[in-house]
Amino acid sequence: MPPREDSLDRELAWLHDFTPATRASAEALPSLQGERLLVVCHLDLKMVPYFEALLTAGAEVRACAANPATTRDEVAEHLGSLGVDVPARKDDPAGRHAAHLRAAVAAGPTLLSEMGANASVSTGGRLETVRGGLEATGTGISRLGSLDLAYPVFDWDSVPIKQGLHNRHLVGLMAANTFLNVTGLSLYGRTVLVVGYGPVGRGLADAARSFGAAVEVCDPDPAARLAAAHLGFPTPTLEAGLPRADALFTATGRDGAVSAEALASCKNGVFLANLGHTAGELPVEELRRRVVDMPRPHIERCEVDGKTLYLLAGGAMFNLAAGPGDPYDTFDLVTALMIEATGFLATEGTGYPPGIHPLPKRVWDHAARRYVREG
Ligand SMILES: NC(=O)c1ccc[n+]([C@@H]2O[C@H](COP(=O)([O-])OP(=O)(O)OC[C@H]3O[C@@H](n4cnc5c(N)ncnc54)[C@H](O)[C@@H]3O)[C@@H](O)[C@H]2O)c1
């Protein structure tokens, strides 16, 4: 086995070979001299080129974990060696995770780039040093909606090229793939219940079906159920669907989507996983009280009312916490988009009025053009 640094360097070199749009966007990034960027994101390998671009453009950069379950220690250490202030480590307990965020906020960032809006939420959206921010997730945008923001924040989650490729197709595809890797089992012949039929749930429903599962969908929104029914997916209520499900995936963006009481209706042997931003979509606390053992990495066997339930990845974002997330070449578009959005934020975006704004089309067009090799 090569030393870890060598294997990380080799993997990064491989990633760089397949991310030409990121390279082009990084080369076009305006100077960020004088900016202090606080990046709250999933600290996995695919984010490294984003940090490299920020540092090359002259920014001072701090990073916090969007979710301690998705942090890769070797990536955090590598970012530290590049000059990013990043104390996060995998599975940091809640107190330590919160302390990192407090310290990063106290350092007075001028720009925020977030996945989940933790820094804005922790300061009520009123952090005086901040001139503007970026938000990458639907969960973060809905959290920001309840704040009286003192600065503009640009929503790049709902940009069609992110929703259309990453959220709609790749999260589900990689989640289904991760199920096979983590469990060593197929989805063939299993009934999969998808809870939440937004872009993420749609991608999972399609992927699970193509992996041989019988897929059912539950969603309180009749338009979402109509879309699912149009593709031939049964659309039961959660209560009606639970007793049939061999595997359940939440993708709602809402804590409490599956309650502790609902566990009583689960089938013996069901696998429970979450793709939404927080681990609160599943009744993780209740399940964690019932863990009897861990038969494989990322699988906790729980006993509930005489039945066995398998909690996957502790209810954290399954595709990232227990799997690799997106393939490198498709994440190239996401990274290019983040870099284009950051350049826009620093040069023009901070002049927008406080509040949430869609990222302008001309900004994300640059990333799309670079990805299809037109720009
Ligand atoms: N795992 C990943 O890599 C990844 C990537 C992108 C987004 N996300 C996260 O996945 C979640 C979903 O993203 P999206 O873009 O599909 O969101 P979305 O808001 O577009 O769709 C969510 C759907 O869930 C439905 N819903 C709400 N409450 C529900 C409930 N209690 N039961 C069943 N359905 C319910 C809504 O009606 C909606 O149709 C968000 O938390 C988002 O941040 C995860």
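Two strands are said to pair if DSSP finds at least two bridges between them. Helices (H or I, at least four residues) and strands (E, at least two) are DSSP runs, numbered from the N terminus. The views below show a predicted model, in which local features need pLDDT of at least 70 and side-chain atom pairs count only at pLDDT 80 or more, while totals for chains, interfaces and linings use all residues. Residues are numbered from 1 along each chain as its sequence is written, and side-chain values use heavy atoms, with hydrogens and water left out.

**View 1. The sheet of seven strands, with mixed pairing.** From one strand to the next, the twist averages 25°. Axes here are lines fitted to C-alpha atoms, for helices over the stretch in contact, and angles run from 0 to 180 degrees between N-to-C directions.

View 2. Among the residues concerned, Thr 250 has Asn 274 of β9 as its bridge partner.

**View 3. The surroundings of the ligand.** The ligand is surrounded by 27 residues, a residue being near a molecule or strand if one of its heavy atoms lies within 4 Å of it. The closest are Thr 139, Asp 219, Leu 275, His 277 and Asn 319. A polar side-chain atom of Asn 319 is 2.9 Å from a nitrogen atom of the ligand. A polar backbone atom of Val 200 lies 3.0 Å from an oxygen atom of the ligand, and a backbone N or O atom of Pro 199 lies 3.2 Å from an oxygen atom of the ligand. A polar contact is a pair of N or O atoms within 3.5 Å; within protein, one must be able to donate a hydrogen and the other to accept it, and residues adjacent in sequence count only if both atoms are side-chain atoms. Taken alone, the ligand exposes 870 Å², of which the protein buries 82%. Accessible areas come from the Shrake-Rupley method with a 1.4 Å probe, and for residues only the protein chains shown count as cover.

**View 4. Pro 199 in helix α9.** Pro 199 counts as partly exposed, at 32% relative accessibility; buried means under 20% relative accessible area, exposed over 50%, and partly exposed in between (1.4 Å probe, protein chains only). Neighbours within four places in sequence left aside, Pro 199 is in contact with Gln 163, Asn 167 and Arg 168. Arg 36 is 163 residues from Pro 199 along the chain, and their C-alpha atoms are separated by 33 Å.

**View 5. The sheet of six strands, with parallel pairing.** The order of this open sheet is β2-β1-β3-β4-β5-β13. The edge strands β2 (60–65) and β13 (355–358) each pair on one side only. On average, neighbouring strands are turned by 20° against each other, direction ignored. Strands β4 (residues 132–135) and β5 (residues 152–155) run parallel and are joined by three bridges; Glu 135 has Asp 155 of β5 as its bridge partner. Helix α5 (residues 94–106) packs on the sheet, touching β1 (36–41) and β2, and its direction makes about 160° with that of β2. Helix α14 (residues 328–347) also packs on the sheet, touching β1, β3 (111–114), β4 and β5, and its direction makes about 160° with that of β4.

**View 6. Glu 60 in strand β2.** Glu 60 is partly exposed, with a relative accessible area of 45%. Residues up to four places away in sequence not counted, Glu 60 touches Glu 35, Arg 36 and Leu 37. The C-alpha atoms of Glu 60 and Pro 109 are separated by 9.0 Å, although the two residues are 49 residues apart along the chain.

**View 7. Helix α3 and the residue Gly 58.** In α3 (residues 48–56), Val 48, Pro 49, Tyr 50, Phe 51, Ala 53 and Leu 54 are buried. Just after this helix, Gly 58 takes a positive phi of about 95°.

How values were computed:
Contact = heavy atoms within 4.5 Å.
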